[in-house]
Amino acid sequence: MTSKLTLHGVSKRYGPVTALHPTDLEVREGEFVTLLGPSGSGKSTLLKIIAGMELPTEGRIIINGRDATEMPVRERDLGMVFQNYALMPHLTVFDNVAFPLKIRKTATEEIRRKVHDALKTVQLEHLKDRKPQALSGGQQQRVSIARAIVYNPSLVLMDEPLGALDKKLREQLQFEIKELHDRLGITILYVTHDQQEAMSMSDRVALMNGGRIEQIGTPRQLYFTPETAFAADFLGSSNFIDATVTARTSERTVCRLSSGEEIAAPSREGFSEGQKVRLMVRPEHISLLGQAVSADRNVLKGVTTGTTFFGESAEIRARLAAGSEIAIRIPNDYSLPEAEPGAPLHLEWDVRQTHVFA
Ligand SMILES: Nc1ncnc2c1ncn2[C@@H]1O[C@H](COP(=O)(O)OP(=O)(O)OP(=O)(O)O)[C@@H](O)[C@H]1O
Ligand SMILES: [Mg+2]
């Protein structure tokens, strides 16, 4: 598939501050790629460099096969939607959306048709004569989206476009943006610090940490095979347990807890016997129901310390014989007994759902 955007070793320093370490990234035609990461991890810096609002300290930016590193913003063929990318208050919705076409000297009749189509796409045709201040936050962001797609750009950049909206509206617009992407086949590079937003919308997620892309992959790859403890912790919930590697085969890494209990994990490069590691298992992968004894299951003993009821699921906290506390998420099921504090627990999970980190 053709590449819409390629970054080669793009970095950004502000005096002594390195906002972005040399970064490579490729976004393919029609892809929805999200930069996900905590505050200050370099997401907006990367987006601003691609948009042409900042120059990179090093590296090259290729958009649609052309070197765009020093190209002015207007020539980059990009649409942009930012959290506070203000609409022009004195212009109507129609004229705001028409703006990118007017500066491109598009013919009047073509402007009318394209603006109409873009407003129809975001379901705002009926409000075309209103001024932005007479619109709700969600409607204003829809106008921003219409303006970003109206001239059919190669790539649309969105930096926390839903950040200022309440949860319900956020979810609705997430759905609308995703639907727009699928229907129009546009290529989107999206920024959020919300892991659920990233996982539910994206074809691929680039997880950023400290000015670097720490891991990039499909939401499933990041969730099921996190490569670092940071990735495991940032996406989804995770339990960490300290252990020491006692044996390694080509298939398995076996680790011992301070209680003497042993836990197996799929083998990974880079671990040696005697090494201290952190094991990780997700709360929803732990079962409290004993199954037939099998080499594919890990088993630990624990004691209940508390339960929180969430409606569709419940979280049980347990203290392990090895000392640490872990959480278990179980879907609600009337047949499960209420776990009283102090009650002994049998915890088990699939060896494949065990991760080892240095
Ligand atoms: N103009 C600047 N001068 C100095 N440092 C800057 C400048 N712009 C950004 N930084 C620093 O670069 C780092 C990355 O900032 P960036 O805005 O890219 O983070 P972010 O991932 O978008 O965070 P957020 O989720 O809070 O928006 C931060 O440590 C920030 O303080
Ligand atoms: Mg930002």
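Biologist: How far from an oxygen atom of ligand 1 does a backbone N or O atom of Ser41 lie?

Modeller: The model is a predicted one. Ser41 is among the residues that surround ligand 1. Its atom in question belongs to the backbone, and its distance from a ligand oxygen atom is 3.2 Å.

Biologist: Which residue places a polar side-chain atom 2.8 Å from an oxygen atom of ligand 1?

Modeller: Gly40 also has an atom 2.8 Å from an oxygen atom of ligand 1, but that is a backbone N or O atom. The side-chain atom at 2.8 Å belongs to Ser44.

Biologist: What percentage of ligand 1 does the protein bury?

Modeller: The reference is ligand 1 taken alone, which exposes 640 Å². Of that area, the protein buries 60%.

Biologist: Which helix gives the largest share of the shell around ligand 1?

Modeller: By class, the shell residues are three nonpolar, six polar and one charged. By element, the largest share is three residues, and these come from the helix spanning residues 43-51, namely α1.

Biologist: Is Ser313 buried or exposed?

Modeller: Ser313 belongs to strand β16, residues 313-320. Its relative accessible area is 7%. Buried means under 20%, so Ser313 is buried.

Biologist: With which side chain does the side chain of Ser313 make a polar contact?

Modeller: Beyond four places in sequence, Ser313 touches Ile330, Pro331 and Asn332, as well as Arg329. The polar contact between side chains, at 2.8 Å, is with Arg329.

Key: Residues numbered from 1 in each chain as written. Chains lettered and ligands numbered in written order. Predicted model: local features only at pLDDT ≥ 70, side-chain atom pairs only at ≥ 80, totals over all residues. Heavy atoms only, no water. Helix = DSSP H or I, 4+ residues; strand = E, 2+ residues; numbered from the N terminus. Buried < 20%, exposed > 50% of the residue type's maximum accessible area, 1.4 Å probe, protein only. Polar contact = N/O pair within 3.5 Å; in protein donor to acceptor, adjacent residues only side chain to side chain. Contact = heavy atoms within 4.5 Å. Near = heavy atom within 4 Å. Areas by Shrake-Rupley, 256 points an atom, 1.4 Å probe, with all protein chains shown as cover. Nonpolar A, V, L, I, M, F, W, Y, C, P; charged D, E, K, R; others polar.
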